[in-house]
Amino acid sequence: MQIDGVDYYTTGELVYQGLGGTQTGSDTLNNWVRRSFVFKTDTTQSNFRVTFRNNAPGGGGNDWAIDDISIRTCYPNMVYSPSASPTVCAGQTLTISDTVRSYYNVYIYYKWQRSTDGGTNWADIAGTAGVATLTPVGGLYQFVDSYTLPPTATTPANNGDLYRMVVATTASNLASGCNYSDITPVTLIVLNNCIDIDDDNDGIPDYVEFNNPVALQDHNTNGIPNWNDPAYPLYVDNNADNVNDNFDWGADANNNGISNYLDPTFLPWVDTNSDGVNDLADKDLDGIINQYDLDSDNDGIPDVVEAYGVETDGDGIIDNYIDTDNDGFSQNVDANNTGVNASGIGLGTPDFDGDGIHNYLDSDSDNDGIPDVVEVAGSDVNNNAVIDGFVDANSDGLSDNNLLASALLITGVDISPVDGRADNWPNKNMDRDLRPNAYDVDSDGDGIVDVIEAGLPDANLNGIVDGVIGTNGWSTAVSALVALNLRSTDGDGRPDYLDIDADDDGIPDNIEGQTTAGYLLPTTSDPDGDGLMNPYDNAPAGFSGAGIFVYDHDFDATPDYRDAGYRW
């Protein structure tokens, strides 16, 4: 048998011996014999010629006939995992995979799709299309691709949603619908009674990320916080996780099938950007609520790091995660080992500058006017305190461009005590003290506070940028600037606040910043932990301080530490 004149297949000898024959391949019962083969067309081919030829010599008994010729596409075999009907707890991520095996190495284009109407209509999932790299396995060609459903796609309302991966031999076929998918798609099963009090595994419990102090208070002084106290007025726990649904954005307090953060009847309801998500649950307004968001303020620093948790691998999840009591909360920050009750607040929500906005929600955690994203060397060209080039294919709230090896800020390991907290900060920590730059009012340790070295206003000399602090924890005056343009006196590409010799004259700023008579030696003493050494801290028991009152010996309005032309 030939395809376009090329021999592709021979049936071999088809022997007829009559009834009772035993020869392999023979028609022993006077039935039709089925034969088939596989062939491959060119990528641009739209037709072909099939030629059948009887290779047997002529003569009596050489009678044969052909019937029921069929030609069909040789589709790949596709197998979903973990199953075709995976279960997931409401508000949790779920990764589904598809293993694609094909006879020929042509099915390499793929994308994931979702249906919310039982398969009548399918919508492409943004960011999931790609071109596979095939691996030979058992005589076939194989590739595996995965898609992670974000928490917003695993609410109770998503129960029964369908997912599938479609494949094609060309990009145009993939786009046009000339593609293939497994006949049976993935059917999502969402469970609404799972216990997980830390949905994003950042070491901060969901009732803490609810960001309402009432949740952590004890209304009747019985030793049980309100989030966990059945005696709290209007306590409700529809999902049986021992957390008051009124203090959990992912729960359904009124049991109407709509999660609190999506429910306009769960008051107060605020939705300034009209995305259907309560703004009170979503600090950075990216559509992913804080308890599902690994970077709740989109500054490129994971929440676990901003809460001083240990995070050495850049995945945004607290290191050494283990959950022995099945409450979804990492044991290294869990206050007990017996379930949800008395689990505590984990890493909590540190507020370094004491402005009432927790670090993980604060765009400028040390109130020096320099956004956190800039202090960890992230890109913020448009000066909005949000990481530029944000891409989030898996909807975990952490930019895919600042993940793992590309993470903006990771911590040192958890040495002693092993408590889930970082014991050292080797990265983005210019002066190698106990604080990385974003939480250090004097990042280079020269005694001159960052706000002064950055050239930002601090008329009252308290180490804090002047003016109104916005709801995002950042100066409204600085945020109104078209560009930040941090001062770099010597133009070496390093801003002054990270440069111990700002004018590059060979004399350290610590020396040039002070008078000879009033010179104070630097120390490592910093009792209030704000990054400003004690000799230069006029508020040693509180946050920040004046730092060195920079000296201008020749009164030319340029302090000596920035005046390369000045000579004693």
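# Close-up views of a predicted model

**View A. Tyr292 is a buried residue, because its relative accessible area is 4%.** Buried here means under 20% relative accessible area, exposed means over 50%, and partly exposed lies in between (1.4 Å probe, protein chains only). The model is predicted, so local features need a pLDDT of at least 70 and side-chain atom pairs count only at pLDDT 80 or more, whereas totals for chains, interfaces and linings use all residues. Residues are numbered from 1 along each chain as its sequence is written, and side-chain values use heavy atoms, with hydrogens and water left out. Tyr261, at 1% relative accessibility, is buried as well. By the ring rule (Phe, Tyr and the six-membered ring of Trp, with centres within 6.5 Å; planes under 30 degrees apart are stacked, over 60 edge-to-face, the rest tilted), the count comes to 16 aromatic pairs. In one of them, the ring centres of Tyr261 and Tyr292 lie 5.9 Å apart and the planes meet at 85°, which makes the pair edge-to-face. Both Tyr261 and Tyr292 lie in the loop between helices H2 and H3 (303-306), so the pair ties together parts that are 31 residues apart in sequence. Helices (H or I, at least four residues) and strands (E, at least two) are DSSP runs numbered from the N terminus.

**View B. Phe352 and Phe543 form an edge-to-face aromatic pair, with 5.2 Å from centre to centre and 85° between the planes.** This pair links distant parts of the chain, since Phe352 belongs to the loop between H3 and helix H4 (372-375) and Phe543 to the segment after helix H7 (509-512), 191 residues apart. Phe352 is buried at a relative accessible area of 11%, whereas Phe543 is partly exposed at 23%. Elsewhere, ring pairs link Phe210, Tyr232, Phe247, Trp249 and Phe266 into a cluster.

**View C. Cys89 and Cys194 form a disulfide, with their sulfur atoms 2.0 Å apart.** The rule asks for a pair of cysteine sulfur atoms within 2.5 Å, and by this rule the count comes to one disulfide. The link of Cys89 and Cys194 is left-handed, with -80° about the S-S bond. It joins distant parts of the chain, 105 residues apart: Cys89 sits in strand E5 (residues 87-89), and Cys194 in the loop between strand E15 (189-191) and helix H2 (206-209). Cys89 is partly exposed at 24% relative accessibility, while Cys194 is buried at 19%.

**View D. The largest cavity has a volume of about 130 Å³.** A cavity is a set of points on a 1 Å grid over the protein atoms alone where a 1.4 Å probe fits but cannot get out, and its lining residues have an atom within 4 Å of a point. A search of the whole structure finds one cavity of 30 Å³ or more. This cavity is lined by 16 residues, of which Ala90, Cys194, Asn239, Asp241 and Asp248 lie nearest its centre.

**View E. Three strands form an open antiparallel sheet in the order E2-E1-E3.** Strands E2 (6-7) and E3 (50-51) stand at the edges with a single partner strand each, so one side of each is left without a neighbour in the sheet. Two strands pair if DSSP finds at least two bridges between them, and strand E1 (residues 2-3) pairs with E3 in the antiparallel sense over two bridges. Gln2 stands opposite Thr51 in E3.

Key:
On a 1 Å grid over the protein atoms alone, a cavity is a set of points where a 1.4 Å probe fits but cannot get out, and a pocket is an open set with protein on both sides within 12 Å along at least five of seven lines; lining residues have an atom within 4 Å of a point. Grid points are joined across faces, edges and corners, and a volume is the space filled by probe spheres set on the points.
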